[in-house]
Amino acid sequence: MTSLTIHRVTTLDLAVRRIAWPFAEQRHADIEAHFAEKQRERPKIWNGRILLGRDPVFTDGHFTATYFETNFASFLAWRDWGFPDPAVFNGFGMGALRTSDGAFVMGEMSHHTVNEGRIYFPSGTPDLDDVRDGELDIPGSVVRETAEETGLTVADYRAEPEWHCVVTGHAIAMIQILNLDMPGEEARARIEANLADQHEPELSAIHLVREMSDLTPTMPRFVTAFIAQQFASY
């Protein structure tokens, strides 16, 4: 399992800047060829614009970093080729849905995605829709991804103010616990009904994950360890 570090913070200061990425520029042709191969395997993936981070700093309950725009093909090649630019990281928000009876709700990625079979909290690599006044709006990203993947909105949960930043390899998952006012089976039924209405949902299954022992004050250790397993490629 990839080693991990967890930073608990209350503020995120994530500036978005215009930064040239030498890796993407210098290996443009190779990246295009790699993406074409991946599209043959999974025709539904597309080369949209995303945001990656650099210069992460954790101090006194704050997380600061700089983000820059690139395309999904460059990100995918960077990930698949073993992270040739170690200064860059994939930093994204996650909504840890916790039900009233103590279960965490996690989704299994569908076969048409590049993360087929992996089990996550609602999340996604940030894109240009997540930029507000030159800053990356991770709280807004969590709200958007949670709604898109599960159909649950801010009216269904109470977001805790603290962020659990799980650093593992070249990924930083900024996790916010979202407390649902409903038990696990009801939450699963609502999400499954929402998925059934989607033509091509990102998720293929919903899992309720429970643990009755070895708890930290706010999050079971096994959950963060489980996340580290999912990000082992980082």
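How are α2 and α3 oriented to each other? They are roughly perpendicular to each other, a label given to angles of 65 to 115 degrees; angles under 35 degrees count as roughly parallel, over 145 as roughly antiparallel and the rest as oblique. The structure is a predicted model, in which local features need pLDDT of at least 70, side-chain atom pairs count only at pLDDT 80 or more, and totals for chains, interfaces and linings use all residues. Residues are numbered from 1 along each chain as its sequence is written, and side-chain values use heavy atoms, with hydrogens and water left out.

The protein has six helices and twelve strands. These are DSSP runs, numbered from the N terminus: helices are H or I with at least four residues, strands are E with at least two. Of the 234 residues, 48% are buried. Buried denotes under 20% relative accessible area, exposed over 50%, and partly exposed in between, with a 1.4 Å probe and protein chains only.

Two packed helices are described by the angle between their axes and the distance between the axes. Axes here are lines fitted to C-alpha atoms, for helices over the stretch in contact, and angles run from 0 to 180 degrees between N-to-C directions. Helix α2 (residues 28–41) packs on helix α3 (residues 72–80) at an angle of about 90°, and the axes are 9 Å apart. From α2, the residues involved are Ile31, His34, Phe35 and Lys38; from α3, they are Phe72, Ala73, Ser74, Leu76, Ala77 and Asp80. By class, this contact has six nonpolar, two polar and two charged residues. The nonpolar class holds Ala, Val, Leu, Ile, Met, Phe, Trp, Tyr, Cys and Pro; Asp, Glu, Lys and Arg are charged; the others, Gly among them, are polar.

Helix α3 is largely enclosed by the rest of the structure, because eight of its nine residues are buried. The buried residues are Phe72, Ala73, Ser74, Phe75, Leu76, Ala77, Trp78 and Arg79. Their cover includes α1 (22–26), α2, β3 (49–59), β4 (62–71) and β5 (88–98). Gly82 follows α3 and has a positive phi, near 85°.

Glu148, Glu149 and Thr150 of α4 make the contact with Ile191, Asn194 and Leu195 of α5. The classes are two nonpolar, two polar and two charged residues.

The largest nonpolar core has 46 residues, and Phe63, Tyr67, Phe121 and Met174 have the most contacts inside it. Such a core is a set of buried Ala, Val, Leu, Ile, Met, Phe, Trp, Tyr and Cys residues joined through side-chain atoms within 4.5 Å. Strand β11 (residues 171–180) gives the most to this core, with eight residues. A second, separate core of 17 residues includes Ile31, Ala77, Phe83 and Val88.

Twelve aromatic pairs are found in the whole structure. Rings of Phe, Tyr and Trp (its six-membered ring) pair if their centres lie within 6.5 Å; planes under 30 degrees apart are stacked, over 60 edge-to-face and the rest tilted. Phe72 and Phe75 form a tilted pair, because their ring centres are 5.7 Å apart and their planes lie at 45°. The two residues are three apart in helix α3, and so about one helical turn separates them. The rings of Phe104 and Phe121 are also tilted, because their centres are 5.9 Å apart and their planes at 55°. Phe104 lies in strand β6 (residues 104–109) and Phe121 in the loop between β7 (119–120) and β8 (131–132), so the pair ties together parts 17 residues apart in sequence. Both residues are buried. Ring pairs also link Trp21, Phe23, Phe35, Phe68, Phe72, Phe75, Trp78, Trp81 and Phe83 into a cluster.

Glu160, in strand β10 (residues 157–168), counts as buried because its relative accessibility is 15%. Not counting residues up to four places away in sequence, Glu160 touches Arg98, Gln176, Ile177 and Asn179.

Most residues other than glycine have a negative phi. Asp55 has a positive phi, near 55°. Asp55 lies in strand β3 and is partly exposed, with a relative accessible area of 46%. Asp133 also has a positive phi, near 55°. Asp133 sits in the loop between β8 and β9 (135–136) and counts as exposed, at 83% relative accessibility.

Note on methods. Contact = heavy atoms within 4.5 Å.
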